[in-house]
Amino acid sequence: MILSVENLYKNFGSTHAVKGLTFSLGGGDITGFVGPNGAGKTTTLRILATIEDASSGKVEIDGLSIFSHPEAAREQIGFVPDSLPVHADMSVHEYLDFFARAYGITSNRRHSLIEDLEEFTNLVGIREKLIANLSKGMKQRVSIARALINDPQFLLMDEPAAGLDPRARIELRELLRVLSRQGKGILISSHILSELAEICNSALIIEQGMLLKFGSIEEVTSHNQQARRLILKPLSDIEALSRFVLLEQWVENLVINGKLLECDYAGTDDEACELLQRIIAGGHRLIEFRFRQQNLESVFMNITRGEVQ
Amino acid sequence: MTPESIYNRFDDILNPIIVKELRQVVRGKFFWGVLILFLGFQCIVLSLSIADRGLTSRSVGAEALTFLFGILFFASFVIVPVYNGVKFAKERNDGSDELLFITTITPQTIVKGKFAAAMVFIFLLYSAFSPFMAMTFFLSGVDLPLTFLALIIGLLFSAAGAMGQICIAALARDSNSQQFFRGLGIFTQVSLFFTIAGAGSDMVHYGTGRFFPVSDTLSTLFSLTLISGALTYFFYRASAAIIAPAGSNRMYQVRVSASVIWAGSFLLALWWSFKTSSAHLFMLWSGLVCFGLCLAIAVAISERDSLSDRIAREIPTNPIKKRLAFFFFSGSAGGLAWVAGMSILTTFAMNLLSSSALIRHTSDLRDASFVIFSFVCYFLGYALIAGVIRRVFFSSLIDIRNTWVVFLLVSVAFCILPMFLWSFLGSDSDILMLGNPFASLSRSRYLDGLFFGLSVLLLGLILNFSWLRAQVKEFASAGASHE
């Protein structure tokens, strides 16, 4: 199954919250949805969840428009909002039971389904607790359990890791990995980019409602890189190595950083291989020769300006 | 079939909202608090009545019953509906209902569930209070059928009140509007309580004959049942429409139910007019219709002016059905056309009845029909002018959904500004009052009012010609292209 978004626009009066967003999400994908505050992430997720209408554009699940057939689309979509609405005087089990009823799940299936979900999301121990008394992490697990009640193919998550402690974050990450292995497509917006990079296989970066980058994590982090940072660690005589490397083509901004030699390298991978061969042939002994990977955080900082609409 | 399978089947057909609401009610302190507090009141009132007047007093039963009914009615008509409404508004505000919309549950199910939960609560209160009320029968001065009549009427109005509060609560979209509508809901319910309770108290004290002939008790009860049923149904449809997603054809059911209620209430008013040989009730009906149509104008001008995919998909291809659908489907131009159509029908019906020889005061009816038609023309014209002002000057500031605010301001400006101008110029010409539709209430100048109203409407139509034409064209081409 594929969730495809094409030329999506959403205006609130004169404010253009989403401007021509185009991307797709496949089964098993975990896509990080990244952007500064006010970039249009929540609006986009709400449109995909059929809560908001788009001003124009297409959103389809396997060719079926979610705007013309929202009821059919809802069967394939689970939505986790940034915070769980307050449900006074309701226990976790009652809350899940209520939503299972709302999805029209009959009693013979409902009881076992809720028990399975409670077990899967580690809620068994707190099933009789009132939702209002739960911690943020527990509420988030309840929210995920609720979103999984109808066994959706796509899970849309708005800032699920915000306010979670480290343990809850790790648990959430593991949960998402399991869901991805089950073939569910997950679109997850978050500000914690290091975490996203760890669990996501693709990323979508937006600013002011516009798409800046979309692709696999590797594509996003390597795209538009004019020079990669090359790191070399010689076994001895770093000065001699630096003089040798400085004479090479594609090398710029060379610095000695303790026992490491760092420089910008604008050559291709083949040319880097040849450089390594020449260094070895030149009698230099290396124990490290690698490119520093640009992470999602630095890409995000480089391509966004933090502006809102 | 085992008892378990029967239970499961029953459990499956239960509205999930009722299950949720009742679970919350049982867990919460509110229900028990209200029940104990009001039962305590009942005990105190009954004891004090007996202690004060003694069992032999001729009116002790009627007085105790009046107090008890007042307490019960306050709980069932004010406390429970307002609590239900406030709770719903809070849920709307924190987004709980949004999560429900991405399930397979419909807005109608949500509203029905909320209403049913409130009614269960009201029934429980009635059950708990009935022993005390029955005790008054053993005191003197109580008419048992009257007690039942009061209870039934109280229950019917409580049902309409509960649905009305759900409707007001549904309007709360954010924390500011939540505060506003919470205040509006409480004010409306408390005001209505004192009006109805006052009439109920008079009925218990002086008998039903003061309000209607004893021979008409059943007819009155039947009419009240119809009226409260119609109000409840209309509030239900309106609430479901308000909370339905913006792209859905949410006004369709509202306009259909409003049309059915219009026809039903017309027949009821007609029946009472012939029964009492007087056009007064019919005039009351036409006044209420006029008020309803003015509200419908405010709603219609704030509706979207382009078709969503979902509405376009529902437009019938049959040319007759399609033309009819234009009046009833969601859409600003269609909504305004529906109001115009209903006002023409109302005026026509009133004029038709005014020629009847069977009822009195028919000349009043003809005058009233002109006044009502003028009112609708005025407000349609002001609404269309407000639409232009919003689109031309404030399209980036004011969303189309809030055009009703501009409409209100335009109406107020036309009503009040000429009066200021009048006093400023020191003119004694009341021609400046013509901007106020209430000026047409004066019998001497209702033709001036009608002429002015039609002029404003014509101006509005000219200014909005391209906007209206675009909507008609879009509607005409949509059904075919989406088939």
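Here are some questions and answers about a sheet and a helix pair in this predicted model.

User: Which strands are the edge strands of the open sheet in chain A?
Analyst: Happy to walk you through this one! Four strands make up the open sheet, in the order S12-S13-S11-S14 of chain A, with antiparallel pairing. An edge strand pairs on one side only, and that picks out strand S12 (251-257) and strand S14 (286-292) of chain A.

User: What angle does helix H10 of chain A make with S14(A)?
Analyst: Find residues 269-281 of chain A, which form helix H10. This helix lies across S11, S13 and S14 of chain A, and its angle to S14(A) is about 160 degrees.

User: Is H6(B) roughly parallel or roughly antiparallel to H7(B)?
Analyst: Helix H6 (residues 107-135) and helix H7 (residues 144-170) of chain B pack with their axes 10 Å apart, at an angle of about 150 degrees. Angles over 145 degrees count as roughly antiparallel. Therefore H6(B) and H7(B) are roughly antiparallel.

User: How many nonpolar residues are in the contact of H6(B) with H7(B)?
Analyst: H6(B) contributes residues including Phe115(B), Ile122(B) and Tyr126(B), while H7(B) contributes others, among them Leu151(B), Ala159(B) and Ile166(B). By class, the contact has two polar residues, one charged residue and, for the nonpolar class, 14.

Notes
Residues numbered from 1 in each chain as written. Chains lettered and ligands numbered in written order. Predicted model: local features only at pLDDT ≥ 70, side-chain atom pairs only at ≥ 80, totals over all residues. Heavy atoms only, no water. Pairing = 2+ DSSP bridges. Helix = DSSP H or I, 4+ residues; strand = E, 2+ residues; numbered from the N terminus. Contact = heavy atoms within 4.5 Å. Axes fitted to C-alpha atoms, helices over the stretch in contact; angles between N-to-C directions. Parallel < 35°, antiparallel > 145°, perpendicular 65-115°, else oblique. Nonpolar A, V, L, I, M, F, W, Y, C, P; charged D, E, K, R; others polar.
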